[in-house]
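Let's take a look at how this chain packs on the inside. Start with the helices, then move on to the core and the aromatic rings.

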Amino acid sequence: DIAAKGGLIYPPQLLDELFYPHLRRQIDLLHSRGIKVLFHSDGDVTTALPELMDCGIDAFNPLEITAGMQVETFLDICGSQVALVGGVDAVEILARGTAQKVADETKRLIDLFADTANLIIASASGQIDNSMPLENVLAMYETVWQQGQY
């Protein structure tokens, strides 16, 4: 992880000097072998997204909404260049919302990404856990199934 709630854990100049060059080399090596790269970090990584894109990431996970990240901002920055794995708010929507609210949010995400086709719907926390009622989890999956491909 390079971030927490509220932003980056490390100063940007430290990431520029020590982290991104090594990440870029690793991604280049993986890409040279035909492997796509999904970058994971909890927290609000919004300010680092341009640099992560420059490093060549293909996908990002989990887009932690409760830490301050926003789907619309992710799309504004990454467009169709980086896929999102996640997006359905794990706390306010999946854990505390109704099944209808989950279905509505899932549909909204599918519609937002319709032009990019760069979305793998999942919990924004990157996991399904016992804080999420089964009917909410099923509502997310059923909505994806009903919407088909976009």
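The expected span of a helix is 1.5 Å times one less than its number of residues. Keep in mind that this is a predicted model. Helix H5 (residues 99–112) has 14 residues, and from first C-alpha to last it reaches 20 Å, close to the expected 20 Å.

Which residues of H5 are buried? They are Val102, Ala103, Glu105, Thr106, Leu109 and Ile110. These residues cover an arc of only 165° around the axis, so they sit on the same side of H5. As for partners, the buried residues of H5 pack against H3, helix H4 (90–95), strand S6 (119–120) and helix H6 (134–147).

## The nonpolar core

The largest nonpolar core counts 41 residues, and Val45, Leu52, Phe60 and Phe74 have the most contacts inside it. Helix H1 (12–32), helix H2 (49–55), H3, H4, H5 and H6 are the elements that each give two or more residues to this core.

Take Leu52: setting aside neighbours within four places in sequence, it touches Ile2, Tyr20, Leu23, Phe39, Val45 and Ile57.

## Aromatic rings

There are four aromatic pairs in the count. In one of them, the ring centres of Phe60 and Phe74 are 6.2 Å apart with the planes at 35°, so this pair is tilted. It ties together distant parts of the chain, 14 residues apart: Phe60 belongs to strand S4 (residues 59–61) and Phe74 to helix H3 (residues 71–78).

Phe60 and Phe74 are both buried. Ring pairs also join Phe19, Tyr20, Phe39, Phe60 and Phe74 into a cluster.

Terms used:
Residues numbered from 1 in each chain as written. Predicted model: local features only at pLDDT ≥ 70, side-chain atom pairs only at ≥ 80, totals over all residues. Heavy atoms only, no water. Phe/Tyr/Trp six-rings, centres within 6.5 Å; stacked < 30°, edge-to-face > 60°. Helix = DSSP H or I, 4+ residues; strand = E, 2+ residues; numbered from the N terminus. Buried < 20%, exposed > 50% of the residue type's maximum accessible area, 1.4 Å probe, protein only. Arc of directions from axis to C-beta. Contact = heavy atoms within 4.5 Å. Core = buried A, V, L, I, M, F, W, Y, C linked by side-chain atoms within 4.5 Å.
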